[in-house]
Amino acid sequence: MPIYKAPVNDTLFILNDVLALERYNNLPGFADATGDMVEAIAGEAAKVAEEVLFPVNLSGDQEGCTRNDDATVKTPKGFKQAYDLYRQGGWIGLAVPEEFGGQGLPYLLHTAVGEYMSSANMALTMYPGLTQGAIAAILVHGSDEQKAAYLPKMVEGTWTGTMNLTEPHCGTDLGLLRAKAVPQSDGSYRISGQKIFISAGDHDMSENIVHLVLARIEGAPEGTKGISLFIVPKFILKDDGTPGTKNGVSCGAIEHKMGIHGNATCVMNYDEATGWLIGAENKGLNAMFVMMNEARLGVGLQGLSIAEIAYQNAANYARERLQGRSLSGVKNPNGKADPLIVHPDIRRTLMTIKAWTEGGRAFTLWTALKSDIAHRSADEKERQAADDILGLMTPILKGVLTDKGFDHAVMAQQVFGGHGYIEEHGMSQYVRDARIAMIYEGANGIQALDLVGRKLGMNGGRAVIALFKEIGDFCEENRHDEKLAFFTKHLKKGLNDLQAGTMWFMQNAMAKPDNAGAGSTDYMHLFGLVTVGYMWAKIAKAAEDGLAAGAGEREDFLKNKLITAKFFMERLMPETALRKTRIEAGADTTMELAAEAF
Ligand SMILES: Cc1cc2nc3c(=O)[nH]c(=O)nc-3n(C[C@H](O)[C@H](O)[C@H](O)COP(=O)(O)OP(=O)(O)OC[C@H]3O[C@@H](n4cnc5c(N)ncnc54)[C@H](O)[C@@H]3O)c2cc1C
């Protein structure tokens with residue numbers, strides 16, 4: 001049976017030693033997040049993940065969701081009970097402002113504990129995850145009445161949320177969207193059309209479901225300029241605010257799919273359903289983007305979380321499974337074979353996942369901190385600088401951590417040999433679950449295009465220039481420190497490749513956009529390598545500082561960090577040169593074959 005233990009110590013090390021959380025206690029909500037409080041919250045979240053969500057993960061995958069004849073959806077056995085405990089614990093509103101029933105704590109903390117929940121049960125965690133995205137959109141774009149009517153119940157989790165963008169003929173290209181909205185004399189709209197692939201579209205875990213739906217108001221312009229966002233509750237609210245009449249929206253079918261079986265992916269039919277506009281007419285994509293940006297960080301976190309649980313199981317298996325003898329002499333003389341963990345190739349696999357996952361955790365938390373600064377700082381310059389980095393990092397975090405999440409789930413499965421391929425050990429589920437994160441919330445190819453086509457040049461390249469300077473300064477400041485010189489040397493090399501790749505785009509992609517398109521995925525990964533490398537250099541510095549200050553019982557932990565940091569620099573960082581070379585190859589050969597030749 002699979003195992004899972006939330007990596008609380010690692011989270012606390014990143015928050016306290018690497019990011020120095022206490023330095024930010026001037027930000028709203030951060031003063032309450034004292035060291036003790038953070039430790040208590042992380043510990044409590046670990047318990048919920050390990051003892052409430054994890055036990056129904058494998059069974060949820062095996063049973064899946066079912067659509068009843070009356071178009072309602074049943075979630076797997078135990079999901080509702082687990083969800084109730086989760087929502088009663090206040091986890092949905094951890095970072096939501098207190099006036100709407102939340103706790104107003106840092107988004108950083110929400111992200112830290114979100115990893116545990118998603119590792120333990122990604123499919124289940126998606127129900128509150130989509131609710132959180134919908135809460136964010138209503139908070140920013142909803143009217144005061146809408147906020148008062150919907151947010152407290154959603155924060156409490158007695159109502160959940162969804163996002164409805166995709167239609168059968170349009171996923172990436174939302175300009176093709178056809179769902180229509182007809183204005184009514186009372187200010188509401190009648191929404192009609194079909195949405196597909198809607199996560200958590202219907203289920204039996206909440207009293208009401210608040211659908212956020214993109215549709216085109218009659219007569220609106222074609223393309224993305226004519227799209228508006230609507231709130232369409234499953235049950236229309238009565239005057240007293242409680243759910244009343246069933247609205248004209250129902251689940252037409254649930255998709256049979258590769259993974260996340262415990263999450264209902266629904267075809268949603270809107271048949272003159274009553275909806276209310278959120279934000280301005282024809283500005284629906286702006287409103288939806290609030291939700292999508294938040295969701296993209298959440299999906300990046302899913303990639304990380306699945307890699308983590310897959311890694312834990314693979315490491316555990318490698319310590320127990322006896323197979324073959326060590327190349328350097330027998331390590332288990334009392335047994336007929338040595339454990340897998342003695343084999344260098346197994347260790348290469350485990351070290352690769354470990355280095356990416358721990359570095360990825362720091363990357364995720366660092367980005368979440370930027371989000372807090374961008375939204376909560378009183379200093380406008382500081383807010384803008386953080387928002388620049390957040391915008392730049394969003395496609396990288398989503399694209400790289402989910403590509404890696406899948407790769408690493410497969411690598412962890414490989415450690416099990418044939419036993420990873422059968423369902424019993426849970427490894428197959430991790431591979432299947434991890435796959436979707438590369439596709440939804442903007443497929444990863446689209447993340448790469450967003451990075452290269454939009455984020456790089458934004459505000460004259462302000463974000464990228466600032467980040468290159470920050471990393472360059474870090475290398476410069478620490479290169480004479482003999483304990484850190486190894487790390488800064490490798491990081492600087494990676495940064496040089498990234499700067500060269502960026503320069504190549506500037507010189508070659510304006511006149512020929514295919515050059516940007518052909519190199520975009522390599523560029524996204526090049527950027528991810530350097531950013532995670534930067535995280536590892538910061539981790540190494542924190543570990544050295546900790547050891548110098550007298551680490552006590554953390555000594556092994558800190559020394560292991562240095563070994564893993566070294567592995568990242570030595571074995572993973574050199575990939576920047578390969579990525580740069582591919583970028584510089586340009587688009588000519590890629591674009592040469594005629595379509596029929598494929
Ligand atoms: C399990 C599951 C859950 C989902 N949940 C939701 C949900 O809750 N709400 C919702 O609205 N949607 C949801 N989706 C839909 C998902 O977001 C879309 O599938 C995704 O956006 C891609 O759209 P598509 O499937 O139509 O692919 P397409 O848009 O047809 O794209 C196909 C491929 O072509 C690439 N591509 C497309 N355009 C370009 C371009 N211009 N340049 C380069 N490459 C391009 C894409 O990257 C992709 O790899 C879900 C999907 C699944 C499978």
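Let me start with the lining of the largest cavity, which by class has 4 nonpolar, 4 polar and 1 charged residues, and please keep in mind throughout that this is a predicted model. As for where they sit, at least two residues of the lining come from each of three helices, namely α8, which covers 284–320, α9, which covers 344–376, and α10, which covers 380–415. Which of these helices gives the largest share of the lining? That is α10, with 4 residues.

How many cavities of 30 Å³ or more are there? The count comes to 1, and the volume of the largest cavity is about 50 Å³. For those of you who have not seen this kind of search before, rolling a probe the size of a water molecule over the atoms shows where empty space is left.

Let me now move to Asp338, a residue in the loop between α8 and α9. Is Asp338 buried or exposed? Asp338 counts as buried because its relative accessible area is 0%, and buried means under 20%. Leaving aside residues up to four places away in sequence, Asp338 touches a set of residues that includes Arg321, Leu322, Gln323, Gly324 and Arg325, and also Gly329, Val330 and Lys331. To give you a sense of scale, Asp338 and Ala511 are 173 residues apart in sequence, and their C-alpha atoms are 59 Å apart in space.

Finally, we come to the ligand, which is surrounded by 18 residues, the closest being Leu165, Thr166, Thr172, Phe197 and Ser199. A nitrogen atom of the ligand lies 2.8 Å from a backbone N or O atom of Met163. For Leu165, a polar backbone atom is 2.8 Å from an oxygen atom of the ligand. In the case of Thr166 it is the side chain that takes part, with an N or O atom there lying 2.7 Å from a nitrogen atom of the ligand.

Methods. Residues numbered from 1 in each chain as written. Predicted model: local features only at pLDDT ≥ 70, side-chain atom pairs only at ≥ 80, totals over all residues. Heavy atoms only, no water. 1 Å grid on protein atoms, 1.4 Å probe; cavity = no way out; pocket = protein on both sides within 12 Å on 5 of 7 lines; lining within 4 Å. Points joined across faces, edges and corners; volume = space filled by probe spheres on them. Nonpolar A, V, L, I, M, F, W, Y, C, P; charged D, E, K, R; others polar. Buried < 20%, exposed > 50% of the residue type's maximum accessible area, 1.4 Å probe, protein only. Contact = heavy atoms within 4.5 Å. Near = heavy atom within 4 Å. Polar contact = N/O pair within 3.5 Å; in protein donor to acceptor, adjacent residues only side chain to side chain.
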